[in-house]
Amino acid sequence: PHGEDYDYPETAYGVISWWDYGHWITRIAHRIPIANPFQQGASTAGHYFTAQNLTSANEMMDELGAKYVIIDYPMVTGKFYAMAAFPKKSSNEFYGFYYAPVEGGMLQPVQLFYPSYYNSTVVRLYNFDGKEVSESPIVISWQRTLVQEGIWINQITGSWSFPGYEEAEAYIASQESGNYRIVSNDPFVSPVPLEKMEHYSLAYNSSQLAGDNPYIKIFEYTE
């Protein structure tokens, strides 16, 4: 009746994806989107996809009554900044742009990803299918450099590879001065170890590809 909440059956469940796709989930799948293009639930979805540990992510899924997670390639690339912005985080917490010296004395821009990027729910699921991952850390040293009046850049001054995350952390801790950071230059190669994401299983890969990766992946969540 008008003005009263709908009494959903026990079999009803939600589907979490980015808000862009909420109406498609309603129209095509006939399921309940956690977030929609009215941006209802957008902050909730942003919190979930950028969550830094499995416990908090699973608690949100349980509270929301969500059973499936839909992720596409743009969510871990071009749309990641938006998923960080809605829960009032900054993309600078997850990745940054630096300039590396190349032959001839020129500086080449490069995007580097931080451990928090790889620890996020959306990346652990899409990039690594929720599996356990071994690390390949790189440590960079960098400095702020004035390239012309009013324009500063982060310039890489050194780079070292390490066999494990603990060794990389120990190296940074041993430095008495300067700016150092653990990074990876490949979104699909983690600089930090990642544990297996329990309660998630890959349910679908699209035949359409984004490079070597399925454009869309769907994961089923079980309590």
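**Entry 1: helix H2**

What covers the buried residues of H2? I started there, keeping in mind that this is a predicted model. I first listed the buried residues of helix H2, which spans residues 42-50: they are Ala42, Ala45, Gly46, Tyr48, Phe49 and Thr50. Then I looked at what lies over them, and the cover includes S1, H3, S3, helix H4 (80-85), helix H6 (121-126) and S9.

**Entry 2: the whole chain**

I stepped back for an overview. The protein has 223 residues, and 42% of them count as buried. I noted seven helices and 12 strands. Along the principal axes, the C-alpha atoms fill a box of roughly 70 × 40 × 35 Å. I also checked how far apart in sequence the contacting residues are: of the contacts between residues at least 6 apart, 60% join residues at least 24 apart.

A reminder to myself: strands of a sheet pair through backbone hydrogen bonds, either parallel or antiparallel. I then went through the pairings I could look up.

- S1 (residues 14-16) and S2 run parallel and are joined by two bridges; here Val15 has Pro33 of S2 as its bridge partner.
- S3 and S12 run antiparallel, with five bridges between them; Asp72 is partnered by Ile216 in S12.
- S9 and S12 are antiparallel as well, over five bridges; Tyr200 has Tyr221 of S12 as its partner.

**Entry 3: the largest pocket**

Next I looked for open space. The largest pocket holds about 380 Å³. Which residues lie nearest its centre? I found Trp24, Ile25, Ile70, Ile216 and Ile218, out of a lining of 18 residues. The elements that give two or more residues to this lining are helix H1 (22-29), S3, S9 and S12. Sorting the lining by class, I got 15 nonpolar residues, one polar and two charged. I was pleased to meet Ile216 again: this pocket residue is also the bridge partner of Asp72.

**Entry 4: the hairpin of S4 and S5**

I moved on to strand S4 (residues 95-101) and strand S5 (residues 107-113), which pair antiparallel over seven bridges. Gly96 stands opposite Leu112 of S5. Five residues lie between the two strands of this hairpin, and Gly104 takes a positive phi near 95°.

**Entry 5: Tyr117**

Is Tyr117 buried or exposed? Tyr117 sits in helix H5, residues 115-119. Its relative accessibility is 1%, so I put it down as buried. Leaving out residues up to four places away in sequence, I found that Tyr117 touches Val76, Phe80, Phe94, Tyr95, Val123, Asn127 and Pro187. I looked again at Pro187: it is 70 residues from Tyr117 along the chain, yet their C-alpha atoms are separated by 8.3 Å. Tyr95, also on the contact list, belongs to the S4 stretch of my previous entry.

Most residues other than glycine have a negative phi, and most peptide bonds are trans.

Lys88 was my other stop. With a relative accessible area of 78%, Lys88 is exposed.

Notes: Residues are numbered from 1 along each chain as its sequence is written. This is a predicted model: local features need pLDDT of at least 70, side-chain atom pairs count only at pLDDT 80 or more; totals for chains, interfaces and linings use all residues. Side-chain values use heavy atoms; hydrogens and water are left out. Two strands pair if DSSP finds at least two bridges between them. Helices (H or I, at least four residues) and strands (E, at least two) are DSSP runs, numbered from the N terminus. On a 1 Å grid over the protein atoms alone, a cavity is a set of points where a 1.4 Å probe fits but cannot get out, and a pocket is an open set with protein on both sides within 12 Å along at least five of seven lines; lining residues have an atom within 4 Å of a point. Grid points are joined across faces, edges and corners, and a volume is the space filled by probe spheres set on the points. Ala, Val, Leu, Ile, Met, Phe, Trp, Tyr, Cys and Pro count as nonpolar, Asp, Glu, Lys and Arg as charged, and the others, Gly among them, as polar. Buried means under 20% relative accessible area, exposed over 50%, partly exposed in between (1.4 Å probe, protein chains only). Contact means heavy atoms within 4.5 Å.
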